[in-house]
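My entries follow in the order in which I looked.

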Amino acid sequence: MRNSKTVLIDKNPGRNSQTFGIARELGTDVDLIHEPSIGVVGNKGDSQCYIGVASKVNKIHETLRDRVGTKPSDISMRLVQPEFTIATSDGIRNGTKEMRYSLIGREVTNDSMCEHLSASGLEGVIAVVACDKPPVGTLAAMLEHNRPAIIMSDGSIRPGKDSKTGDPIDIISSYQIAGNPDEEFKKRIALEACPGFGSCGGMFTYNTMQTFIGVVGMQPLHMVSPASQDSRRLEEFPNQLIDYLTKLITKNITPRDIVTRESIRNAIIVAMSVGGSTNVMLHAPEIARAAGYSNFSEDIMSAAEFNHLSKNVIPVIVDARPFGKYSMVDIDSKGGIQVIVKDLMDAGLLNGNTLTCTSETLAEQIDRLSPPDPDGKVIYSVKKPYKETGGLRVLGGNLSPEHSAILKLAGVEGGLENNVFNGKARIFNGEQSLLDTLDKTPEVFKNFDMIIVRYEGPVGGPGMPEMLDSTSRITTLCRENNIIVALMTDGRFSGGSVGLVIGHVGPEAAVGGPIALIEEGDEIIVDLNKNEINCIPLEDEIIYKQRKDSWQHNVDSNNGTHPSVGEANTRLLNKMRCSAVSAVYGAGMHPGREIFVNEPRKGSESDFKPSNKFRS
């Protein structure tokens, strides 16, 4: 960073007058208007997730303004005003048609953040992120822009408390009693479930991805787990973030130096170990794409290796909601995410040589933070895990030829005797018809039914809505009646979903994937010994062809679109329908899969293979 004392008059009169005006209004030195730009960005939307973001953005902006100047000790850069991206709230929109915009919010954030970073020519940016889709879109834009950048989680919401039982509750608690006939009870739980503000507090998608972003290197690890209302986020972290960003700028360390094959693999392994959300397998390929890797399975981690690690190497080492008891604030009270990372690193399961946004390697950052050992109640160790196997499993088979289907094994509450589920298909073309049935006649579901919800994929929805409302009602139905009802969909799930639920099945129904060919009563087998999900009648080539021909006839008779797909009645929904790629590539808006800002990157020649000190 140069330290200019003299204003350099640009040939563009608009740039001079505008930047003089901005500097004057922001209270910064007009002698810096032609220096590289630095600024703060944040995410906004209609939910409690975003309420705390503006205060952090404003505090970081004020701190930056105090540190920008022309003295030798100052940051000699032009300060730009804060900008915010817009996205929806998953929690509020689940079970509604508006839910189609949730994953699209990731894409909108990517686009708007890219416009701001690139059109403003930002050479340094700090982002405060909230909810679960905008952080991924923000990171993707940073990777595409590829100038020094750093992320801070806004933080999660603190748990609520049931005033009658004293038990901790959260947003999932209110979803899981949605079918209860006692309206006063439901209202009380809803009022008590989400006090204060912040993003979802369990190990749902938000905290899965904040952990991912920390481990991948773009967020300081100690900033992941404190609550949104934790005073450190306003009193300590702003100056720390600016210190870290200054080092990144001075050393010219960019996001693509940090987000590499090895750091993405680290983040996937940690996601397994915390029983993370299935959405990580939509977001990780999108992050990898933005980092310049053309094919997640080939360049980062294949489905076979993913399953090997989850089954044989990586255990679940936290007792966290939705499958356990505790929230992210409990994890923070026991030392934070850095405790988990250190334990996995000590077990030889992570590559500590990856670079991070603090300008240290992952191992150096852990050494400096010096986290405590796992407490054994909230955070467990690899030696004595909470669950013996990792929390996620990717499935192939004749219903998932792309090997995109994913099961959150950590959340399964039964039905996998000898690792096999055998059920009968119950067909629903769209989630709304399932919700109507669950609301009006839930008794129609029987033990070992396999609910099929289709035409809800990236193209079919459009937008690939998640199904927390449906899965929560099914979970309650199963618990109350002591039965097993599974669900399979080409849509996706909230990180708060539990049960035998399988999402991201691809190719999706709207493009003629095998899920579109299942008929009522078909035998469906989920076999975790083979990591496959199969429809038995579709093993017969003649039956498969007959059903595919019938499906194609319906499409041809409806102007090239199956009549069961969702309505794309806005430009944004239509853009998703026309440009979405399959879930296995991240379900993003891309006219073609191989899109790069710079030259494509490939996996390194030498694969890092985690050692395995404690597991056979």
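I began with Asp439 and Arg473, which in this predicted model form a salt bridge whose closest N and O atoms are 3.8 Å apart. I then looked up where the two partners sit: Asp439 belongs to helix H19 (residues 431–440) and Arg473 to helix H20 (residues 468–481), so the pair ties together parts that are 34 residues apart in sequence. For accessibility I noted that Asp439 is exposed, its relative accessible area being 51%, whereas Arg473 is buried, with a value of 18%.

I also looked for salt bridges with shared partners, and found that Asp132, Lys133, Glu466 and Arg492 are joined by them into one network.

My next entry concerns Arg426 and Asp449, whose side chains meet in a salt bridge with an N to O distance of 3.1 Å. Arg426 lies in strand S10 (residues 420–429) and Asp449 in strand S11 (residues 449–454), so this pair links parts that are 23 residues apart in sequence. Are these two partners buried or exposed? I found that Arg426 and Asp449 are both buried.

I then turned to Asp230, which forms a salt bridge with Arg232, the closest N and O atoms lying 2.8 Å apart. Here Asp230 is buried, with a relative accessible area of 14%, while Arg232 is partly exposed, with a relative accessible area of 25%.

Lastly, I asked how many salt bridges there are by this rule, and I wrote down a count of 31.

Conventions:
Residues are numbered from 1 along each chain as its sequence is written. This is a predicted model: local features need pLDDT of at least 70, side-chain atom pairs count only at pLDDT 80 or more; totals for chains, interfaces and linings use all residues. Side-chain values use heavy atoms; hydrogens and water are left out. A salt bridge is a side-chain nitrogen of Lys or Arg within 4 Å of a carboxyl oxygen of Asp or Glu. Buried means under 20% relative accessible area, exposed over 50%, partly exposed in between (1.4 Å probe, protein chains only). Helices (H or I, at least four residues) and strands (E, at least two) are DSSP runs, numbered from the N terminus.
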